[in-house]
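Colleague: Could you take me through this model feature by feature, giving the general idea before the particular case?

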Amino acid sequence: MMTPVKNPETKLKQPGESLFKRLVRQQLFIPFAALALLVLFNLIADPSFFAVSIKENSLGNPVLSGNIISVLDNASELVILAIGMTLVTASSGGQDISVGATMAIAGSVILRMVCGGQVTADTLQMPLLLAVLIGIVVTALFGAFNGALVAYFKIQPMVATLIMFTAGRSIAAWINNNQLPIMNDISFKYAGTFLPGIPVPTPVFITAFVILLFWLALKFTTLGLYTQSVGINANSSRLNGLDPKLIKLLTYVILGVCVAVAGFIRVSRSGSINYSRIAENIEMDAILAVALGGNALSGGKFNIYGSILGAYVIQFLTTTLYKYEVPSTALPAYKAVVVILLVVLSAPVVREKLSSMKKAPVKAAKEVS
Amino acid sequence: MQEGAVLEMRGICKYFPGVRALQDVDFTLRKGEIHALMGENGAGKSTLIKVLTGVYPKDGGEVHIEGVDGPAVIRSPQDAQNAGISTVYQEITLCPNLSVAENMYIGRTKGAVTNWRKMNSGAGKILESLGIPASPTQQLGTCSIAVQQMVAIARAVDMECKVLILDEPTSSLDEQEVQKLFGLMRDLRAKGVGIIFVTHFLEQVYEVCDRITVLRDGQLVGEYVIEALPRVQLVSKMLGKELDDMADIKGESGGEAISREGAPVLEAQGLCSSAGIKPFDFSIRRGEVNGFTGLLGSGRSECVRAIFGADHVTGGTVKMDGKEVKIKKPLDAMKLGIGYLPEDRKGDGIVGDLSVRENIILAYQVMKGFFRPISRAQAEAFADNYIKLLEIKTASADTPIKSLSGGNQQKCILARWLLTDPKYLILDEPTRGIDIGTKIEIQKLVLRLAEKGTSATFISSEIDEMLRTCSRLIVMRDRKAVGELSGEDLTQTKIMATIAGGDE
């Protein structure tokens with residue numbers, strides 16, 4: 001046995017610690033700071049960014065319109081994916097890179113169901129809810145496939161999900177015999193656009209509902225404790241009676257369900273699908289949202305609200321760039337610059353420095369704007 | 001340097017943050033001898049070897065090597081190799097998908113061009129001279145583990161080493177393979193190579209070694225000629241006798257009285273597991289504290305893991321309160337009222353990033369089930385209660401458990417199991433690496449629990465501690481239960497004799 005000389009000091013909150021230091025140490029500091037910077041930038045550059053007006057949509061209904069509404073609306077799929085991705089990250093210490101491709105599958109399945117196998121349909125061939133349920137079951141199964149590879153065959157998550165990443169869009173096309181079905185029934189588009197008489201985009205409600213569901217799940221089940229415990233120390237968890245493999249599998253299945261909901265919103269926006277372009281690269285944004293939320297991509301402790309906030313930050317950034325008419329080809333480059341800054345800022349090393357140097361964030365703020 | 005010595009280490013010191021891993025350790029290796037380096041885990045064996053091979057820089061002391069004037073400078077494994085020191089590790093560090101010859105010459109060929117014929121014939125000669133049954137062109141992975149181990153040694157020998165370090169080379173070999181390896185070691189000894197042999201197997205030390213150096217707690221206990229050190233003494237030197245002013249706790253509590261009454265709480269017959277222990281019988285009564293003892297690697301942890309279902313149980317029957325039960329996984333055991341504090345606190349016990357509170361409620365929460373989470377208020381009450389009861393020193397219940405000291409982490413794990421109100425508690429090395437005060441607290445706690453009717457199995461490397469707490473000891477040697485001691489047989493000498501076995 002080695003001779004312990006001194007015990008590691010427990011981290012105590014020092015009473016004299018400034019509010020700023022404590023703030024920096026908060027997990028949600030970075031996404032909030034990023035959001036604040038984006039808001040500030042837009043306020044200074046052009047306050048009209050925040051203007052919300054009522055316009056008539058193509059159906060003649062009065063609906064809310066404006067950049068903020070567009071952020072809330074368009075972030076929906078990303079937010080829902082980021083929630084599922086957070087759980088997968090926490091339990092397995094890796095990410096599912098197939099979510100974009102499986103969203104295509106979900107969309108394809110739902111369209112095939114509501115179109116009844118026809119290329120175009122003007123009325124729903126199946127109750128919408130049933131179609132969505134089938135979509136959920138299908139992607140949950142794909143999630144289970146990914147999860148089984150990760151949990152039971154101990155394949156690296158990125159490698160395991162690379163399979164569906166590669167094959168997913170082909171499967172999606174195959175489901176509809178390579179046709180591009182178009183759904184013209186207006187009620188199909190309610191979920192992706194507006195419900196009659198309601199001026200707020202429906203995806204906002206769906207997202208709020210999903211967030212509520214997860215809030216309830218985290219409150220009324222032990223999902224949070226179990227996934228974190230398994231992600232931090234699978235051995236300990238097993239010796240405390242948990243089944244780490246099953247819990248990992250479960251998180252992938254949950255992500256599968258999230259994928260179906262996101263896929264439904266996406267096809268519901270247009271009533272059609274483009275297999276190779278739908279939700280392209282969304283997996284990267286979802287992973288980024290998790291990271292921006294201050295969650296370690298190596299798993300363990302998580303804060304689901306951080307990921308949600310991260311997803312909105314990403315969409316806010318995209319919308320801001322669109323507003324300043326950055327050409328769509330140049331968009332990723334601009335995004336990359338901001339992302340580098342955010343990721344570097346949220347790195348523990350930098351945050352440690354930040355909390356010891358007060359002036360650093362001001363400098364960083366200048367760099368961002 | 002001494003006459004005939006090939007390696008001399010003098011006054012070696014090595015500090016890690018918060019720990020003195022080696023203090024003023026001397027070690028001498030002579031030409032043509034096999035020298036065992038013995039000590040329990042954490043005694044400093046591997047640290048000493050890592051200092052010698054340049055993996056760790058030393059904080060003090062000198063190393064002298066035959067043929068080098070003045071202190072040798074070893075700053076990297078490469079330096080060590082150049083100085084004639086080769087190491088063969090427990091895990092084979094060769095490439096199984098390359099041929100035997102390639103493995104022997106890997107990293108040693110000069111230039112970009114390989115002369116395959118020369119390499120293969122060179123390798124063939126060495127293999128033949130050492131009597132290793134392998135062909136140079138054979139793929140290494142197709143050889144048995146023993147032959148792979150030997151190829152690793154051949155590689156080391158071919159690098160013209162004067163000092164060969166074998167770190168636990170036999171742990172994955174069977175009896176015959178061990179004999180082959182010993183044959184090779186004896187040949188090398190005859191050729192004048194000095195061999196440092198690190199192992200946990202006492203039998204093997206007495207079979208093949210000439211000299212023994214014993215380390216304990218990072219300090220040198222002594223160097224002995226093998227004939228002058230009977231097994232019992234070796235064991236006592238490795239374990240050390242801790243002379244301290246601890247009270248005779250058992251006397252205080254008088255817990256022995258109830259230990260022999262009543263039917264067994266748990267009874268196991270012919271239990272064995274995938275961890276490779278020989279089938280063993282075990283039983284424990286209500287309010288009894290018993291223990292498994294034996295050297296490290298003797299299978300004592302594997303036994304309790306089999307009882308708890310932590311390893312895959314491959315045979316045997318278990319009865320709980322007289323009824324036959326199946327324990328296939330930890331949750332089964334937990335539901336029957338068994339708690340298990342594992343040996344490896346960091347790897348198997350704590351969930352590092354979670355708070356003290358979450359760590360304390362974890363097992364109880366799992367038993368309650370997925371859909372019945374313990375409310376925050378209740379969890380806080382549980383945590384505060386045990387923090388007070390066990391005097392856990394933590395800033396708050398929200399502090400991540402990994403920032404607590406070892407002893408306080410251990411108390412949290414103990415609290416975790418106490419919260420499940422177990423009928424039978426297994427404590428594997430609960431006092432390892434924690435300060436003396438906490439050690440006594442934990443021992444007292446175990447005895448208090450026993451008075452209230454909880455049964456407990458206690459494992460500790462420190463025999464004193466076992467004597468203070470247990471009324472019955474099962475002695476393990478080489479993964480087999482070799483004896484059971486109770487009553488008057490429970491003395492240091494008797495235990496050590498049973499652990500050592502053999503030359504009684």
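Colleague: Which residues of helix H18 of chain B are buried?

Modeller: A residue is called buried if 20 or more other C-beta atoms lie within 10 Å of its own, exposed if 12 or fewer, and partly exposed in between, with C-beta atoms placed from the backbone. In helix H18 (residues 492-500) of chain B the buried residues are Ile495(B), Met496(B), Ala497(B), Thr498(B), Ile499(B) and Ala500(B); helices here (H or I, at least four residues) and strands (E, at least two) are DSSP runs, numbered from the N terminus. This is a predicted model, in which local features need pLDDT of at least 70 and side-chain atom pairs count only at pLDDT 80 or more, while totals for chains, interfaces and linings use all residues. Residues are numbered from 1 along each chain as its sequence is written, and chains are lettered from A and ligands numbered from 1 in the order in which they are written.

Colleague: What do the buried residues of H18(B) pack against?

Modeller: Contact is taken to exist if the C-beta atoms of two residues, placed from the backbone, lie within 7 Å. The buried residues of H18(B) pack against helix H7 (202-208), helix H8 (231-239), S12, helix H17 (463-469), S18 and S19 of chain B. After H18(B) comes Gly501(B), with a positive phi near 60°.

Colleague: What is the strand order in the open sheet of 6 strands in chain B?

Modeller: Two strands pair if DSSP finds at least two bridges between them. The order in chain B is S15-S16-S17-S12-S18-S19, and the pairing is mixed. Strand S15 (338-341) and strand S19 (480-486) of chain B each have a single partner strand, so they stand at the edges with one side left without a neighbour in the sheet. Neighbouring strands of this sheet are turned by 15° against each other on average, direction ignored; axes are lines fitted to C-alpha atoms, for helices over the stretch in contact, and angles run from 0 to 180 degrees between N-to-C directions. S15(B) pairs in the parallel sense with strand S16 (residues 424-428) of chain B over 4 bridges, and Tyr340(B) has Ile426(B) as its bridge partner in S16(B).

Colleague: Which way do the residues of strand S5 of chain B point?

Modeller: In a regular strand the side chains alternate between the two faces of the sheet. In strand S5 (residues 85-88) of chain B, Ile85(B) and Thr87(B) point one way, Ser86(B) and Val88(B) point the other way, and all are buried. S5(B) pairs in the parallel sense with strand S6 (residues 163-167) of chain B over 4 bridges, where Leu164(B) is the bridge partner of Ser86(B).

Colleague: Where is Asn177(A), and is this residue buried or exposed?

Modeller: Most residues other than glycine have a negative phi, and most peptide bonds are trans. Asn177(A), a residue other than glycine, has a positive phi near 50°. Asn177(A) is placed in the loop between helix H7 (157-175) and strand S5 (182-183) of chain A, and is exposed, with 10 other C-beta atoms within 10 Å.

Colleague: What is the phi of Asp321(B), and where is this residue found?

Modeller: Asp321(B) is not a glycine, although its phi is positive at about 50°. Asp321(B) is found in the loop between strand S13 (313-320) and strand S14 (323-325) of chain B, and is partly exposed, with 14 other C-beta atoms within 10 Å.
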